[in-house]
Amino acid sequence: MAIDFLVLNVLVLLALAISFFKSREKTSKVIKIAFKSLINTAPYIIITIIIIGIMQGFIPNRLIAEYLGEKSGISGVLLASLIGAILYIPAFVSFPLVASLIEKGASVMIGAAFITSLTMIGFTSLPLEIKEFGIKFTVLRNISSFAAAILIAVAIGVLL
Amino acid sequence: MKENKIIKGNNKSKIMKSYAGVLLFITLFIGVVTLFPERKEIIVNESVKYFIEMLLIIPAVMLSIGLFSVWVSKEQTSKYLGKESGLKGAAISIIIGSLPTGPLYMAFPIASSLLKKGASMLNIVVFLGACACLKIPQGIVELKFMGLEFMILRWSFSIILIILMGYIIERVIDVKKETLPQI
């Protein structure tokens, strides 16, 4: 996870340095816009973090592996997609979690459904998504992501 | 519709409301922690963990939004990510999306600034999808835990379905050129 932050921060600082070198005026505008969007977005991000924190407190990852490990078939895929949609687990953690799920007896199909809905559907970040794109877009994107999770899972289940 | 949202977004009272929302959630947080003292440790630990994660990433994300809106012109965005950009635009969206930019919730403000600059709805959805499930750094973890075959299959199907999703959502939500907000 540290690589993620390092790469992003180094790239942005580099770009900011180039920007400063090219035009101080424009760079001060860059910082103004950055600050403004920070003020706008920060409350939604704080809310997202609080929801994630409370959720993690009640549904630890270990419990999910236990629970989904025993499920199978299409109903298992549906359930995995549903659980994945509600929870927030960073992708870095989700792969080892899914690997342990499969080890416990879940099918690859369930693993694929879980990963896709976990990453694509953000129940916890709904307030932020609605703020940026409106309700219609948010509902459409999340529902079609749910369908995509099931389709990807079935396709992988058939082929693997 | 979009324009309305932007104007409202800059509205002071809306910002005040969102900060009132934060207070509400902080109250909820304190309430939950007091009601379930046995969960307190894990809830606080996890929240602090994600809060630190956010602190590490948010300045960079906000600065990149600033850099993008100052240095990249509307014409450029429209040319590479607009309605006429076709498969090339989708490919660019996937590549930008797969770069390490942190969790999905950080991608929403970025996507929103792309949309304001004239990127098509299709490419926005593709970008968000790639941000979510086609991250390059996470790919290394996926390869290690799930194997190459799984990864190739999942990435290929994901790319196809993300583009399909973008196509459908673009059909349903029609952002007319003239209603795009000016920056």
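One definition before we start: helices here are DSSP runs of at least four residues, numbered from the N terminus. Keep in mind that this is a predicted model.

Start with Val32(B). This residue sits in helix H2 of chain B, which covers residues 12-35. What does Val32(B) touch, leaving aside its neighbours within four places in sequence? Ile43(B) in its own chain, and Ile54(A) across in chain A. Now look along the sequence to Ser13(B). Val32(B) and Ser13(B) are 19 residues apart, and their C-alpha atoms are 29 Å apart in space.

Next, the two chains together. In chain A, 66 residues are in contact with 65 residues of chain B. On the chain A side, the elements giving two or more residues are H1, H2, H5, H6 and H7. H2(A) gives the most, with 25 residues. By type, that side of chain A divides into 44 nonpolar, 15 polar and seven charged residues.

Last stop, helix H4 of chain A, residues 73-86. It has 14 residues and runs 20 Å from first C-alpha to last, close to the 20 Å expected at 1.5 Å a residue. Which residues of H4(A) are buried? Gly76(A), Val77(A), Ala80(A), Ser81(A), Gly84(A) and Ala85(A). They cover an arc of only 170° around the axis, so they lie on the same side of H4(A). The general rule: an α-helix has 3.6 residues a turn, so residues three or four places apart point the same way. Those buried residues of H4(A) pack against H3, H6 and H7 of chain A.

Key:
Residues are numbered from 1 along each chain as its sequence is written. Chains are lettered from A and ligands numbered from 1 in the order in which they are written. This is a predicted model: local features need pLDDT of at least 70, side-chain atom pairs count only at pLDDT 80 or more; totals for chains, interfaces and linings use all residues. Two residues are in contact if their C-beta atoms, placed from the backbone, lie within 7 Å. The expected span of a helix is 1.5 Å times one less than its number of residues. A residue is buried if 20 or more other C-beta atoms lie within 10 Å of its own, exposed if 12 or fewer, and partly exposed in between; C-beta atoms are placed from the backbone. The arc is that of the directions from the helix axis to the C-beta atoms. Ala, Val, Leu, Ile, Met, Phe, Trp, Tyr, Cys and Pro count as nonpolar, Asp, Glu, Lys and Arg as charged, and the others, Gly among them, as polar.
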